[in-house]
Amino acid sequence: MTEVNKRDNGELLGEYIDEMTPEKQIERLEARVEELTAALDAKVESKVDLTKIKNALNGGTDYVLNAIRPVIDKYEQPTKEAVAKAGGKVSDNPFLSVAVAFGAGIIIGTVLNHCCKSSDD
C-alpha cells in the first residue's frame, strides 16, 4: 500500500489509499468541524442574539418615526412645492443654473480650503 497524505514538514499521517475512502474523509471532516465548534463555543463567553438586537432596533425606529411623523406631515407638501418650483426654474434656464452651480462650487471650495488651512496652522 502507498501512503497518500504527508504534512508540509514531511511527517507521514499514516493513511493509505485503501483506507481513505470519500466516506471516511467526510466522516473525519465532520468530526473535525464538531471539535472546532466545541472549542469555539468554549472560548466564546456569551453569544450575541441578533434577533433580539433587531427587535430592539425595530422598536426604537418605530418610536422615532412616530415621534417625527407630525413634523414630516407638516413640511412634506411645502417641500414638494418648493422642489417643483426650483425644478421649473432650472429647466427654464439650464445654462444659468449650471453657471450658478459652478460658481457656488468654487465659492464653497475656496471657503473650505481657507478654513482647512487656517485650522492646520
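Arginine 32 is partly exposed, with a relative accessible area of 45%. This comes from a predicted model. The model has two salt bridges in total. A patch of negative charge also sits on the surface.

- Glutamate 35 is partly exposed, at 46% relative accessible area.

- Lysine 80 pairs with glutamate 76 in a salt bridge.
- Their closest N and O atoms are 3.7 Å apart. That counts as a salt bridge because the cut-off is within 4 Å.
- Helix α2 covers residues 50-92 and holds both partners, four residues apart, about one turn of the helix.
- Is lysine 80 buried or exposed? Lysine 80 is exposed, with a relative accessible area of 51%.
- Glutamate 76 is partly exposed, at 38%.

**Negative patch**
- Which residues gather in the patch of negative charge on the surface? They are Glu23, Glu27, Glu30 and Glu34.
- One of these, glutamate 23, lies in helix α1, which spans residues 22-43.
- Glutamate 23 is exposed, with a relative accessible area of 52%.
- Exposed means over 50%, so glutamate 23 falls in that class.

Definitions and conventions:
Residues numbered from 1 in each chain as written. Predicted model: local features only at pLDDT ≥ 70, side-chain atom pairs only at ≥ 80, totals over all residues. Heavy atoms only, no water. Patch = residues over 30% accessible without salt bridge, like charges linked within 9 Å, V, L, I, M, F, W, Y side chains within 5 Å. Areas by Shrake-Rupley, 256 points an atom, 1.4 Å probe, with all protein chains shown as cover. Salt bridge = Lys/Arg side-chain N within 4 Å of Asp/Glu carboxyl O. Lys, Arg positive; Asp, Glu negative; His and termini not counted. Charge placed at Lys NZ, Arg CZ, Asp CG, Glu CD. Helix = DSSP H or I, 4+ residues; strand = E, 2+ residues; numbered from the N terminus. Buried < 20%, exposed > 50% of the residue type's maximum accessible area, 1.4 Å probe, protein only.
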